[in-house]
Structure formats: C-alpha cells, structure tokens
Amino acid sequence: MAFAGLPLVPQALKSIQHYLKTAVEHDKRDPVVAYWCRLYALQTGMKIDRKSKESVALLTALMDWLETQKQVLKGDEAISNEVVAQAHIENHALKLFLWADTEDRAARFNKNVVKAFYTAGMLFDILSTSGELTDEVIHHR
C-alpha cells in the first residue's frame with residue numbers, strides 16, 4: 001500500500017503501515033499527530049530493515065517528508081518541542097479513547113468505536129517512545 005506520495009510499503013515494513021495510514025488520516029485535521037505518526041514509523045522502520053532497496057526507498061521518502069513538514073510547521077511548538085508534542089498527542093489519544101469508551105459503555109458499537117480505540121492505542125505507542133507515560137495514559141492503555 002502506498003501513502004501520500006510515498007513508495008509502496010515493503011513486506012519487511014508492514015508493521016509500520018498502520019502508523020502511516022493514521023498519519024494520512026490526520027494530515028488535514030491534525031498535522032502534528034500526522035508528523036509524529038510518520039516519525040514513529042520512520043524510527044520503527046529503521047530498527048526493522050534499513051538495508052533492503054525497497055525499505056531504503058520508503059524510509060528516505062519518509063525522511064524527506066518529515067524535513068519538509070518540519071519547515072512548513074516550524075512555528076508550531078508541538079513539532080519542535082518533544083514535551084509539547086507529547087502533551088498534544090496525549091490529549092488527542094485520551095480524547096479518542098474516552099469517546100470510544102463512552103460509546104462502548106452505552107452499547108453503541110460500530111466501526112468508528114473500534115477505530116477510535118485502535119488509533120488511541122497507536123498514539124499511546126508513539127508516546128511510549130518519548131519518555132515515561134503519565135498515570136492516566138497507563139490506566140487507559
């Protein structure tokens with residue numbers, strides 16, 4: 001699967017595909033979340049496979065995208081400051097989780113509830129790479 005001008009995700013890097021999909025979904029509604037999803041995908045991809053031609057093509061394209069966006073969003077502190085970014089992502093993840101939890105407890109089950117839980121979980125994963133998680137995040141994770 002290809003994402004927003006990136007090469008196809010090679011088989012070796014399929015595990016980062018969901019983070020790239022979440023990034024594309026957030027491109028317009030929350031560029032900060034999109035940026036950090038792609039950065040997490042890049043960091044994870046580099047640990048998995050940075051030698052095959054296909055992986056290098058994807059990871060290089062991701063690096064280029066991140067550098068471009070860093071310039072475009074340079075005035076946004078949630079891009080340049082990890083603490084601010086962590087707070088931003090944590091707020092978004094908790095908002096998604098709490099909405100999904102409320103819907104679940106009200107017995108309103110649908111694919112949006114599942115997707116909200118799943119996306120919140122991925123955002124909690126992203127938070128885990130930038131330091132210790134808050135007690136609230138650990139509780140909801």
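1. The model holds 3 aromatic pairs, where rings of Phe, Tyr and Trp (its six-membered ring) pair if their centres lie within 6.5 Å, and planes under 30 degrees apart count as stacked, over 60 as edge-to-face and the rest as tilted. One of them is the tilted pair of Tyr19 and Tyr40, 4.7 Å centre to centre with 55° between the planes. Tyr19 lies in helix α1 (residues 17–26) and Tyr40 in helix α2, 21 residues apart; helices are DSSP runs (H or I, at least four residues), numbered from the N terminus.

2. A word on the basis: this is a predicted model, in which local features need pLDDT of at least 70, side-chain atom pairs count only at pLDDT 80 or more, and totals for chains, interfaces and linings use all residues. Residues are numbered from 1 along each chain as its sequence is written, and side-chain values use heavy atoms, with hydrogens and water left out.

3. Tyr19 is buried at 10% relative accessibility (buried means under 20% relative accessible area, exposed over 50%, partly exposed in between, with a 1.4 Å probe and protein chains only). Tyr40 is buried too, at 14%.

4. Do have a look at Tyr35 and Trp36, an edge-to-face pair with 5.5 Å centre to centre and 80° between the planes. Tyr35 is buried at 5%, and Trp36 at 12%.

5. Trp36 also joins Val32 and Val33 of α2 in meeting Glu82, Ala85, His88, Ile89 and His92 of α5 (contact means heavy atoms within 4.5 Å).

6. Finally, His92 sits in helix α5 and is buried, at 12%. Beyond its neighbours within four places in sequence, His92 contacts His26, Asp30, Val33 and Leu123.

Key:
Helices (H or I, at least four residues) and strands (E, at least two) are DSSP runs, numbered from the N terminus.
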